[in-house]
Amino acid sequence: NEGSLWGARFASGPAPEMAILSKSTHFDWRLAQYDIAGSRAHAIALHAANYLSDDELRGMHSALDELSARVADGRFQAAESDEDVHGALERGLIEIAGAELGGRLRAGRSRNDQIATLIRLWMRDESEHIVRGLHGMIAALIEQAKAHPNAPMPGRTHLQHAQPVLLSHDLLAHAWPLVRDLERLRDWRVRASESPYGGGALAGSSLGLDPRLVAGELGLGAPSHNSIDATSARDVTAEFAYVLTQIGIDLSRLAEEVIFWVTREAGIAKLHDAFSTGSSIMPQKKNPDIPELTRGKAGRLIGNLTGLLATLKALPLAYNRDLQEDKEPVFDSVDQLRMVLPAMAGMVATLEFDTDRMRDLAPQGFSLATDVAEWLVRQGVPFRDAHEVSGELVQFCEERGLELHEPSDDDYRSISEHLLPAVRDVLSVDGAIASRRGVGGTAPDAVAEQLRALEERLASL
Ligand code: ARG
């Protein structure tokens with residue numbers, strides 16, 4: 001079994017059925033440059049502990065640089081006989097440096113501590129693309145909120161008209177969860193910066209290598225305190241997968257709202273031609289494929305997370321080959337979000353709102369009934385009674401096809417002695433919105449304050 005990392009004690013090479021199941025180069029190749037970076041750092045630790053001379057360290061580093069260049073331009077690729085990226089790269093190193101020098105690098109490390117480290121390096125780098133994507137997405141929401149500071153829309157609960165709110169308030173309601181996702185990534189990064197390198201297969205190394213050297217070279221924080229935990233825990237991977245999934249879920253809620261907004265029935269917003277698609281048979285169609293794919297991919301992200309968690313459940317310590325299954329789900333979740341985030345940001349930035357229609361719809365469905373009740377409370381009526389009176393007014397109007405401000409003064413009095421003509425003062429969309437001026441409310445000043453707070457939180461992320 002010439003060339004493999006572990007052939008010596010085997011009388012035969014792996015059966016083809018075995019090899020095909022075992023192979024991971026078709027997906028772990030994307031860790032190749034991280035593997036080489038780990039090797040550069042590991043060579044420094046070997047040199048510091050006198051296993052490599054100054055010359056040998058130089059030779060090792062220049063061979064690794066050459067290998068890195070060959071991987072980058074495709075001159076070096078995984079071969080049919082390579083089991084994983086680690087084995088392939090050792091083969092490549094030996095091709096360049098020879099077996100005498102190249103064969104020294106593996107001392108004191110295992111693929112187990114390597115892979116646990118490399119996935120962290122990869123996730124940390126990828127998380128920066130996700131962070132940028134989130135910033136772009138939030139910026140698009142903020143831009144639209146700023147472009148429509150005072151436009152009312154029907155606010156909904158249960159999808160039913162509830163109370164008028166500002167469009168800017170609704171848009172920012174989608175921005176806050178994404179801000180929290182940024183904060184989650186920031187918090188996660190602390191844990192993702194622990195360095196498992198040096199844990200070896202599971203028990204550490206007898207060679208007296210200093211794991212802090214490797215961690216420092218790789219830009220990671222302190223080495224893991226427990227080599228068993230270092231090589232076999234994947235909670236950091238699962239946590240990353242969760243945050244990615246949460247981002248997908250947060251985007252899917254915005255997506256769902258946009259899909260509704262652009263229906264004929266709602267008619268509240270229009271998609272830009274560049275961010276929508278047509279139908280192969282119906283010439284008039286303009287479809288919201290971006291939010292639909294976003295909604296669909298949220299399901300895929302949940303599947304990736306769930307699959308990963310199921311892989312980890314009840315795995316005995318320490319490394320088990322099951323752990324090879326941790327990579328494809330996070331690779332895929334990252335790939336999906338790196339497409340979804342910019343597409344959604346572009347779609348939001350170019351949405352065209354029909355603010356006249358939103359203003360028309362805002363008071364419909366008796367969405368100012370709460371304002372009647374709260375007006376009565378301000379007149380000293382207990383809320384329980386006020387709710388009753390307002391409800392009777394709704395029923396009165398519904399039966400006669402009237403809006404809440406339209407019954408006569410006498411009709412008002414017949415419903416309740418407390419229902420005075422002055423109640424009409426609060427029966428306007430702008431008045432209802434302006435009155436909700438407390439922290440977090442939908443009044444224009446409160447939303448302006450909210451926007452300041454959001455931008456301040458964002459500035460540190
Ligand atoms: N390819 C493995 C993984 O992705 C790392 C190699 C560890 N293999 C082993 N037989 N100990 O987890």
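**Around the ligand**

Author: This is a predicted model. Around the ligand sit Ser24, Asp28, Asp84, Arg111, Asn112, Ile115, Tyr319, Arg321, Leu323 and Gln324.

Reader: Which helix gives the largest share of the shell?

Author: That is helix α6 (residues 111-147), with 3 residues. In terms of domains, at least three residues of the shell come from domain 1 (16-107), and at least three from domain 2 (114-149 + 167-206 + 236-351).

Reader: What are the domains of the protein chain?

Author: Besides domain 1 and domain 2, the chain has domain 3 (361-459). The C-alpha centres of domain 1 and domain 3 are 70 Å apart. From the record, an unreviewed UniProt entry, comes the annotation "domain: Fumarate lyase N-terminal" for residues 18-303. That stretch is 64% helix and 5% strand, with 27 Å between its end C-alpha atoms.

**Backbone details**

Reader: Why is leucine 159 called exposed?

Author: Leucine 159 has 7 other C-beta atoms within 10 Å. The cut-off for exposed is 12 or fewer, so leucine 159 is exposed. Leucine 159 sits in the loop between β1 (152-157) and β2 (160-166), and its phi is near 65°, a positive value in a residue other than glycine.

Reader: And what makes alanine 314 exposed?

Author: Alanine 314 has 5 other C-beta atoms within 10 Å, and 12 or fewer counts as exposed, so alanine 314 is exposed. Its phi is near 65°, again positive in a residue other than glycine. Alanine 314 belongs to the loop between α11 and α12.

Reader: What is the omega of the peptide bond from leucine 317 to alanine 318, and is the bond cis or trans?

Author: Omega is near -5°, and the bond is cis. Alanine 318 lies in the loop between α11 (289-312) and α12 (327-349).

Terms used:
Residues numbered from 1 in each chain as written. Predicted model: local features only at pLDDT ≥ 70, side-chain atom pairs only at ≥ 80, totals over all residues. Near = placed C-beta within 6 Å. Helix = DSSP H or I, 4+ residues; strand = E, 2+ residues; numbered from the N terminus. Domains from an automatic or database assignment. UniProt positions renumbered as here; feature names shortened; annotations may be inferred. Buried ≥ 20, exposed ≤ 12 C-beta atoms within 10 Å, placed from the backbone.
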